[in-house]
Amino acid sequence: PPLPSAAQLSYQRTEMTAFIHFGLSTYDGSEQCDASDSPSIFNPTKLDATSVGQWVTSLKGAGFRQAMLVTKHSCGFVLWPSKYTDYSTKNSTWKGDVLQLWTDAMKANDMRIAIYYSPWDQHYPSSKSDYETYARNQLTELMAYGNSYEFEFDGFNAPTGVKWKDVFSFIKQTQPNTLIWAG
């Protein structure tokens, strides 16, 4: 029978993964966020390396060895200053880089980094013919923050015109030991 790879076996032994969903929905009071929300509502007044470090040390102290950050949810807002969209922290009131703060804290605490990236995008419609290029560009930006242990793409309203196997191969070329979850 098929045997798990070393990375898959290590993932199974991790047992717990924290899931951090912080974004526009934190400020608009919704569960999903709304693509018509202005990025200016994203304004964490006390978010810095110290506060994000406290998130991570608290998670580690609770027994987590891995945490997944929702870097882009279905409304399309991204937690880093992406050069491929204006719907990001670069146009928020805060103008910082949540992803950089988080990956730095995760690395400093020897925690596994996992990335959630929603395939469905209501701001830059995932039905556009060039959406695959748009997604690959943003994934390239995400991978520049360092190796991620896992990438998660949920399947809800995922665009059908995207060659997902090719996208996953693209990630594996840069980060061959990354696990990819898509569903």
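Author: A crossing is called left-handed if the near helix is turned anticlockwise from the far one by less than a right angle, and right-handed if it is turned clockwise. The model here is predicted, so that local features need pLDDT of at least 70 and side-chain atom pairs count only at pLDDT 80 or more, while totals for chains, interfaces and linings use all residues. Residues are numbered from 1 along each chain as its sequence is written, and side-chain values use heavy atoms, with hydrogens and water left out.

Reader: How is the packing of two helices described?

Author: Two packed helices are described by the angle between their axes and the distance between those axes. Helices are DSSP runs of H or I with at least four residues, numbered from the N terminus; axes are lines fitted to C-alpha atoms over the stretch in contact, with angles from 0 to 180 degrees between N-to-C directions. Here α3 (residues 49–61) and α4 (residues 98–108) have axes that come within 9 Å and cross at roughly 50 degrees. That makes α3 oblique to α4, given that angles under 35 degrees count as roughly parallel, over 145 as roughly antiparallel, 65 to 115 as roughly perpendicular and the rest as oblique.

Reader: What is the handedness of the crossing where α3 passes α4, and which residues meet?

Author: The crossing is right-handed. With contact meaning heavy atoms within 4.5 Å, Ala 49, Val 52, Gly 53, Trp 55 and Val 56 of α3 meet Leu 101, Trp 102, Ala 105 and Met 106 of α4.

Reader: At what angle do α5 and α6 pack?

Author: Helix α5 (residues 131–143) and helix α6 (residues 164–174) pack at about 25 degrees, their axes 11 Å apart, and are therefore roughly parallel to each other.

Conventions:
Helix = DSSP H or I, 4+ residues; strand = E, 2+ residues; numbered from the N terminus.
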